[in-house]
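Please find below a short note on this structure, arranged as numbered points.

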Amino acid sequence: MTTTYRQALTDALREALDRDERVFLMGEDVGAYGGCFGVSRGLLDDYGPRRIRDTPLSESAFVGAGIGAAIAGRRPIVEIMTGNFSLLALDQILNNAATLRHMSGGQLDVPLVIRMATGAGRQLAAQHSHSLESFYAHLPGLRVLSAATVADARGMLWPALQDPDPVVIFEPIALYNSSGESRGPDTVTDIDTAEVARPGNDATVVAYGGTLHTALAAAEQLAETGVDAEVIDLRTLRPLDTATIVESVSRTHRLVTVDEGWGRVGIAAEIAAATAEHAYYDLDAPIRRVCTAEVPIPYARQLEEAALPSAGAVVVAVQEVVS
Amino acid sequence: MTESPAGAVPGRTDPGRRIELLRQMMRIRRFEERCIQLYSTEKIRGFLHLYIGEEAVAAGLLSEIDAQDAVVSTYRDHGHALARGIPMTALMAEMFGRSTGCSGGRGGSMHLFDAQRRFYGGNAIVAGGLPPALGLALADVLTDTPHITVCLFGDGAFAEGEFHECANLAALWHLPVLFACENNQYAMGTALRREHAATDLALRAAGYGMASWPVDGMDAEAVAEAARRAVQSIRGGGGPCFLEFRTYRFRAHSLYDADRYRDKAEIEQWKARDPIERLYGQLRNAEIIDDRGYAEIETAIDAEIDAAIVEAEAAPLEPVADLTRHVYAERQ
Ligand SMILES: Cc1ncc(C[n+]2csc(CCOP(=O)(O)OP(=O)(O)O)c2C)c(N)n1
C-alpha cells in the first residue's frame, strides 16, 4: 500500500493509541493544531484531550513530564517540533531519561518515546535545520532511531513503545511529503539491526534518515557507470549495529558513510572508527565521509544545497574508493 | 501569596505524633552527624550536602503523605529519604557505595532512590526533578488514582526556568503536585536577596494560579499542619499547591564549602530556633517527655545508626564486572 511518510506516522500513532490505553501523545500543537507537520491531525477529535495533550512552549517541562509518566507506568509519546528545540530539554533527556535507570541501580524503567523532526532542505536557516542525531547517539541509556522510509515511519513506533528504555525517533523534515510502501499494521521494524536497503558488491555506502535517499540515488547513478554499491540504512543509531556494516565491508572492501550531521565527532566518524577497529584488513581503500559542511546551515538556497551531502558528492566518493 | 485553603484540618497533633516528629528529626540529625565523622575518615566520599537545621521540613511534610504518594528529592536528600521510610541500612550502604545500597552503589549521597517506596531521587541537577514530578502526577491523573506527588527543591531552584515552566504547566493541567520549596536562604553561597529580584517566593508562585503560602520551616508542627492542608486541597481536586518553607541550614552548603559568605551572628540567630530544641522544649513543658525520655530516643537512634554502619561495612562492593549493568534494561 502506497502512502505518505506523514500518513504512515499518523497510522502508527493511531495503532499505538488503539492497542494500549497507557499510550498518550503530548507536545506543542499536537492537538488543536494537528501537529506542526500535520502528523497528529484528527487525533484530538478521536482520542480526546486526556490522550492528545497540547503543551505550553516548555520543552524541558513536558519532556521531563514524559519521563515521570513513563516511570509511573504510562507509555508517553512526546513530540518535539524540531531537533533544534530539543536542546532546551537536553538536560531532561540526558540527566534523567538516559540516566535514571543506572543511577537508581536498575530500579526504574523509563519507557518513553520522544519523536522529533530533524534536518534541512527547506531554507529555514540554522536554528531550524540542524541534524543533531549524533548528540543523542552519544548517550548511553538511550535508544536512538531514525525512520528513513515510509515502512519504518509506520513500523518503528510500536517496538519503540515496547522498549523499557527511553527511545528517541528522528523524522527527517524533508521526508514528510514523500511517498512509499507502507507495510501495514502488523509488520514492525526490527530496531536492533541495520537494513541492507540495496545490495551490491563494489562498495558499502552507509546512510540513515534523509541521507538514505541521497545514497540510493547515488547508487542508481553509479550503477549506470557499472559500479555496484551496497547501501545500508542504519535505522538504529544507538546501539549501533556494527556487525552488519562490518559484514558488508568484508565483502565490498570499501566504505563511504553519508550523514546529514557534521562529520567531525559524529556518527560517520563513529562508523569509520568502528570499521577500522573491526575490519581494518578488509579495507582496500581509505574510508570516505560525505557529511554536512562544517557550518551552521545557511538560509540562501545555493548555500544550503552546497552545505548538505548530495548524491553527486556520494558518487564522487564512491568512485574514489573503487578506483 | 494566597490564603491557605480553608476547611477542617485537625488541630494540634496528638502527643504520640508530636513525639514521633521529634524522634524523626533527631534521627535525621544524628544520622548526618555520624556521616560527617564517616566522611572525615573517608568511608563516605563525594559530595555530602547536609540537612542539619532543616529537619522540621522533611519530618513534618512527609509524615502527612501516604505510602502510595510519590516523592521527588534533591541532592540534599538524606533527611527526605529517612523521613520517607527508606531503611537506614540501605541509605548507609549507598553512602558507602555498597551493592546493598538503595541505588546499588551507583548513586551515592546525592542520588538516593527507592522505587518501591516511590522515592524518585536524589537529583543533583538543580530543578531537574521538577519536570518528572509533573509526569508522576500526570500518570496518577491518567489512571484516576488519588495520589499526589511531593516535589522538594530549594530557593535556588526557584530561579531556574524549569521551575517556571513546571509551575505553569502543573497549574494549567491541575496536576496533583505539592511544590515544597525549602527556602534555606541560600543557593550555595548566594543569599536570597542576591539571587531573586523579588524574595517572597510564595507570592510569586501564587502568580501561576495555585494556592501558595509561606510556612515556618523551623517548626515541625507548623510544617505538618501546612502539609495537611495542602494535601487535603490537592486530593480534593484543588490542583497543585506551593509551600515555601522558610528554613536554614546550620552547616555549610556541602563539606567542601568553607562557608565564608554567612555572618556568624546570622547563623546563631537561626540556631536559636533549632527545630529539635524547639519541639523538645514544648514537649517538656507540656510534660509529654522528659530528659530521660529524650535520652532513650537518642540511645535507640544511635543503636540504629551503629547497626547500619556495621552492616554497610560488611556489605559487598558492587563488582566491577557489573559496571555496565543497568544502562539498558536487561533482556532475557
Ligand atoms: C543546573 C545546576 N546548576 C548549578 C548547580 C550547582 N549547585 C549545586 S547546589 C546549588 C545551590 C542550589 O540552591 P538551592 O536550590 O537553594 O538548594 P539548597 O542547596 O539550598 O538546598 C548549586 C548552584 C547544579 N547542581 N545544577
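1. The shell around the ligand is made up of eight nonpolar, four polar and three charged residues. The model is a predicted one. Among the 15 residues around the ligand, those that come nearest are B:Tyr75, B:Arg76, B:Ala124, B:Gly156 and B:Asn184.

2. For B:Tyr75, a polar side-chain atom lies 2.8 Å from an oxygen atom of the ligand. For B:Ala124, a polar backbone atom is 2.9 Å from a nitrogen atom of the ligand. For B:Val126, a backbone N or O atom lies 3.1 Å from a nitrogen atom of the ligand.

3. On its own, the ligand has 580 Å² of accessible area, of which the protein covers 73%. The largest pocket is the space that the ligand takes.

4. Over all chains, the structure holds 17 aromatic pairs. One of the pairs is formed by B:Phe158 and B:Phe242. Their ring centres are 5.8 Å apart and their planes stand at 85 degrees; planes over 60 degrees apart count as edge-to-face, so this pair is edge-to-face.

5. Which parts of chain B does the pair of B:Phe158 and B:Phe242 link? B:Phe158 belongs to the loop between strand S4 (149-154) and helix H6 (161-172), whereas B:Phe242 is in strand S9 (residues 241-246). The two residues are 84 residues apart, and the pair thus links distant parts of the chain.

Methods: Residues are numbered from 1 along each chain as its sequence is written. Chains are lettered from A and ligands numbered from 1 in the order in which they are written. This is a predicted model: local features need pLDDT of at least 70, side-chain atom pairs count only at pLDDT 80 or more; totals for chains, interfaces and linings use all residues. Side-chain values use heavy atoms; hydrogens and water are left out. A residue is near a molecule or strand if one of its heavy atoms lies within 4 Å of it. A polar contact is a pair of N or O atoms within 3.5 Å; within protein, one must be able to donate a hydrogen and the other to accept it, and residues adjacent in sequence count only if both atoms are side-chain atoms. Accessible areas come from the Shrake-Rupley method with a 1.4 Å probe; for residues, only the protein chains shown count as cover. On a 1 Å grid over the protein atoms alone, a cavity is a set of points where a 1.4 Å probe fits but cannot get out, and a pocket is an open set with protein on both sides within 12 Å along at least five of seven lines; lining residues have an atom within 4 Å of a point. A molecule sits in a cavity or pocket if more than half of its atoms lie within 2 Å of its grid points. Ala, Val, Leu, Ile, Met, Phe, Trp, Tyr, Cys and Pro count as nonpolar, Asp, Glu, Lys and Arg as charged, and the others, Gly among them, as polar. Rings of Phe, Tyr and Trp (its six-membered ring) pair if their centres lie within 6.5 Å; planes under 30 degrees apart count as stacked, over 60 as edge-to-face and the rest as tilted. Helices (H or I, at least four residues) and strands (E, at least two) are DSSP runs, numbered from the N terminus.
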